[in-house]
Amino acid sequence: MRERFEMVGIRQMPKEEISSKEKWYHGKPVFAAAVLTIVIIGCLFCNLIMTKDPAYLDLENCNVPPCREFLFGTDTMGRDIFSMIWYGGRISLFIGIVATLISTVVAIIFGAVSGSAPKWADTLLMRLTDLLISVPGLLVIILLQAILGKASVLSLSFVIGITSWIAVAKVVRTEVLRLRGSEYVIASKCMGGGFFHVLWKHLTPNFISSIMFMIVMNIRSAIIAESTLSFMGIGLPVGVISWGSMLSLAEQALLTNAWWMIVIPGVFMLVTLLCITSIGNYMRKKVSRRQSNL
């Protein structure tokens, strides 16, 4: 009897075809990952593709538009923008990654302490995070950087990282509250496992996937913060080449109609941030689907 009936308007695909399409085309940011990989490889191995010394001041060729010799033109100090793009991208990505590592470690420790602490201590720590999250992060970064003094790559990475852990810490606390009653956690404690042993060996491997998309987004936020500070003139000095310090020359570029000094670094940074955002959104949706299936 089943063979007499056929569903009309629905084309049933073979299981192999469905699994193949889901595997390669079901919402995966393949293009974004490919572009981001090219940018990262270009920045890491910039010494192989740079046509000029990015720090060399060629005063005879200031504000030169894109041409054969200077593919992306030069800035107001005669530096080759093509070489600066790749070299500066390495600095910007370094700040983004180091700041994210710092914020992730702080968030995991703080969230785990809050989730493992007695109720009164947990409530007190959460009220502290609510207080900190109410203050604009950029103002805190500016204040801390002013205390530390002149901005450098490491100091800026530290300041951005130490102020961008709160949202991740809240998620970590929720996951620790869910996992701390598990049998393997209780067994580890009974066998003499300390706080950090339980955290790194048992808790972190089970909730790291839940915060991975936030970690990826923090890389994007750190790059934006560095660029914003440099654009405002309170970040990295012009002598330290990064995408942000290149954009800090925007005022001089507008006065001299040198559009390439703003557009080209801006496009590179925008494409990189869009790729990171696309990958982060995919990871967030993947986590949401997995949690909805539990």
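Close-up A. L44 is placed in helix α2, which spans residues 30-44; helices are DSSP runs of H or I with at least four residues, numbered from the N terminus. The model is predicted, with local features needing pLDDT of at least 70 and side-chain atom pairs pLDDT 80 or more, whereas totals for chains, interfaces and linings use all residues. Residues are numbered from 1 along each chain as its sequence is written, and side-chain values use heavy atoms, leaving out hydrogens and water. Together with I40, I41, F45, L48 and I49, L44 makes a nonpolar surface patch of about 590 Å². Such a patch joins nonpolar side chains (Val, Leu, Ile, Met, Phe, Trp, Tyr) within 5 Å, from residues with over 30% relative accessible area and no salt bridge; accessible areas come from the Shrake-Rupley method with a 1.4 Å probe.

**Close-up B. The largest pocket.** This pocket holds about 570 Å³ of space. Of its 24 lining residues, G137, I141, T163, S164 and W165 are the closest to its centre. Helix α9 (195-232) is among the elements that each supply at least two lining residues, and its 8 residues are the largest share. The lining divides into 18 nonpolar, 5 polar and 1 charged residues. On a 1 Å grid, a pocket is an open set of points with protein on both sides within 12 Å along at least five of seven lines, and lining residues have an atom within 4 Å of a point.

**Close-up C. The largest cavity.** The whole structure has 1 cavity of 30 Å³ or more, a cavity being a set of grid points where a 1.4 Å probe fits but cannot get out. The largest cavity has a volume of about 40 Å³. Its lining consists of D75, I81, M84, M246, L249 and M261, of which 5 are nonpolar and 1 is charged.

**Close-up D. An aromatic pair.** F110 and W165 form a tilted pair, 4.8 Å centre to centre with 50° between the planes. Because F110 lies in helix α3 and W165 in the loop between α6 and α7, the pair ties together parts 55 residues apart in sequence.

**Close-up E. A salt bridge.** R173 forms a salt bridge with D122, their closest N and O atoms being 2.7 Å apart. The pair links helix α7 to helix α4, 51 residues apart. A salt bridge requires a side-chain nitrogen of Lys or Arg within 4 Å of a carboxyl oxygen of Asp or Glu.

How values were computed. Patches are made of residues with over 30% relative accessible area and no salt bridge: like charges are joined within 9 Å, nonpolar side chains (Val, Leu, Ile, Met, Phe, Trp, Tyr) within 5 Å. Grid points are joined across faces, edges and corners, and a volume is the space filled by probe spheres set on the points. Ala, Val, Leu, Ile, Met, Phe, Trp, Tyr, Cys and Pro count as nonpolar, Asp, Glu, Lys and Arg as charged, and the others, Gly among them, as polar. Rings of Phe, Tyr and Trp (its six-membered ring) pair if their centres lie within 6.5 Å; planes under 30 degrees apart count as stacked, over 60 as edge-to-face and the rest as tilted.
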